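User: I would like to learn how to read a structure like this one feature by feature. Please give me the general idea each time, then the case at hand.

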Amino acid sequence: MYHVNDIVEPSIMGDEPTMYAFFDQLRNETPVIRCEHPDFEPFWVITRHEDIKYISQHNSEFINNPRTVMMELEYEQGLLDQFGTRNGLETLIHMDDPKHRKLRGVTREWFKPGPVARLTPMIEETARLFVDRMEAMGGECDFVKDVALLFPLRVIMSILGVVPEEETMMLKMTQELFGASDPEQSRGDGQDEGMSVLLDFFAYFKQVVEDRRSNPTEDLATVIANAKVDGEYMEELDLISYFIITATAGHDTTSATIGGGMQALMQNPEQLEKLRNTPELGNSAAREMIRWVSPVRHMMRTATEDCSFQGQPIKQGESLLLWYPSANRDERAIERPYEFDIERDNRHQLAFGYGGHMCLGQHLALLETEVFYRELLSRLDWIEPAGSPEYVQATFVGGLKSLPVRYAFK
Ligand code: HEM
């Protein structure tokens, strides 16, 4: 039996089998339950698919500002003191309408399936580079550290105008920001260290903005840097936050999907063979990998009026934490949720969220995953685990951080 307060523990949420057992318990016994942990402002834990979908869909009754993710009180206070907001940033996920609609509009076109499909040759070339690298490693590697982590990073960084020499620094900064609770990935224990990561991001992207205003190109960085909202350039905080959300949301999540997808394929060899023999299933397989991994573990909303879910009254001003991996294992909404099935109809999965804030980069994430596996499986002969997998110890963006594998190319 788990206690609801365990939900704040990265060591529990960072271990997938334990996390899913905990969610099964919550969904079945207490699908709407209040967490009152001494180190956190209280919040409601929401674990059923239907409730998460409803809350995500009703953006004026459940707003993103002021709290978007679960953070320790002390850290939230530090951000308030230093930046004047509890988030430190002002990204799309920290905003509500009408501002959210306007700023999302800046890149809405760019992220649609058609424009994203134009990136296919670049994504294929990048996938080839990393599959070549895997082949060159001679039959054994850490699939996450050597491949899955680096491929989406290269894609998103090239779109944002970060040159390859600076990618390692960006990767480190993202891990420090998202995996702040994982001792191996955090910059340090104190809130000063957490805040210094944000300041580093600011300094870096300010330079990119200046450059793209003087030397515009076709990339996303140019779109963001030169966008006018109500006739003006975006304010500095909004602008730099836009870069940070795209850079950070765009790679750890996709890396986790590709890493977890490989683990699922090795555990289900018949699915691997099916995908290899039927490349048309690529998009559907990518969707299933994303449901299976659900790398974004949660987002938070705050109720603007009194409401109730599963008979539990919730008051205006109280926060609700929506747990996507739980929604995606909810047998009330998803058939055989614990089976990895690349042919599944995945219209109902919630790994990208839902409603007005639904993931802006979803078509890019799907394309990257599909292209990567098409390239890899056309060349790979066999692959098997070569050691124990390890998970990121984090409650926000999770997934594998290590997956040793042994393999041969054809
Ligand atoms: C498998 C990969 C990915 C997953 C699972 C994922 C998941 C999510 C989730 C759950 C949200 C919040 C939705 C909500 O609150 O309803 C989100 C928002 C967002 N994602 Fe993704 N994401 C992925 C990849 C990407 C990529 C590749 C990009 C961009 C390059 C991206 C950019 C964004 C942005 C900008 C938002 C904020 C949207 C808004 O608030 O309007 N994501 N994503």
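**Reading the model**

Analyst: Gly114 counts as exposed, because it has 8 C-beta neighbours inside 10 Å. The rule is that a residue is buried if 20 or more other C-beta atoms lie within 10 Å of its own, exposed if 12 or fewer, and partly exposed in between, with C-beta atoms placed from the backbone. This is a predicted model, in which local features need pLDDT of at least 70 and side-chain atom pairs count only at pLDDT 80 or more, while totals for chains, interfaces and linings use all residues. Residues are numbered from 1 along each chain as its sequence is written.

User: Where does Gly114 lie?

Analyst: Helices (H or I, at least four residues) and strands (E, at least two) are DSSP runs, numbered from the N terminus. Gly114 lies in helix H6, residues 113-117.

User: How do I read a sheet, and what is the strand order in the open sheet of five strands?

Analyst: Two strands count as paired if DSSP finds at least two bridges between them. Here the order is E1-E2-E10-E7-E3, with mixed pairing. E1 and strand E3 (62-63) are the edge strands, each pairing on one side only. Helix H3 (residues 49-57) packs on this sheet and touches E1, E2, E3, E7 and E10, and its direction makes about 120 degrees with that of E10. For such angles, axes are lines fitted to C-alpha atoms, for helices over the stretch in contact, and angles run from 0 to 180 degrees between N-to-C directions.

User: Which strands of that sheet run parallel, and which antiparallel?

Analyst: Strand E1 (residues 32-35) and E2 run antiparallel and are joined by four bridges, with Val32 opposite Ile46. E2 and strand E10 (residues 319-323) run parallel, with three bridges; there Trp44 stands opposite Leu320. E3 pairs with strand E7 (residues 298-303) in the antiparallel sense over two bridges, and Phe62 has Ala303 as its bridge partner.

User: Are the faces of strand E2 covered or open?

Analyst: Both faces of E2 (residues 43-46) are covered. Phe43 and Val45 on one side, and Trp44 and Ile46 on the other, are all buried.

User: What is meant by a nonpolar core, and which residues have the most contacts inside the largest one?

Analyst: In soluble globular proteins, nonpolar side chains tend to be buried together. A nonpolar core is a set of buried Ala, Val, Leu, Ile, Met, Phe, Trp, Tyr and Cys residues joined through C-beta atoms within 7 Å. The largest one here has 105 residues, and those with the most contacts inside it are Ile46, Phe151, Leu160, Phe243, Leu320, Leu321 and Leu322. Residues are in contact if their C-beta atoms, placed from the backbone, lie within 7 Å. Not counting residues up to four places away in sequence, Ile46 touches Val32, Asp51, Ile52, Ile55, Phe309, Leu320, Leu321, Leu322 and Trp323.

User: How many residues of helix H9 are buried?

Analyst: In H9 (residues 150-160), 10 of the 11 residues are buried, so the helix is largely enclosed by the rest of the structure. Among them are Phe151, Arg154 and Leu160. Just after H9, Gly161 takes a positive phi of about 80 degrees.

User: Which residues have a positive phi although they are not glycine?

Analyst: One of them is Ser294, with a phi of about 40 degrees, in the loop between helix H16 (282-293) and E7. Ser294 counts as buried because it has 27 C-beta neighbours inside 10 Å. Gln310 has a positive phi of about 50 degrees and lies in the loop between strand E8 (307-309) and strand E9 (312-314). With 13 C-beta neighbours inside 10 Å, Gln310 counts as partly exposed.

User: Which residues come nearest to the ligand?

Analyst: A residue is near a molecule if its C-beta atom, placed from the backbone, lies within 6 Å of it. Of the 29 residues around the ligand, Gly250, Thr253, Gly353, Cys359 and Gly361 come nearest. Helices H13 (236-249), H14 (252-267) and H18 (362-379) each supply at least two residues of the shell.

Note on methods
Contact = placed C-beta atoms within 7 Å.
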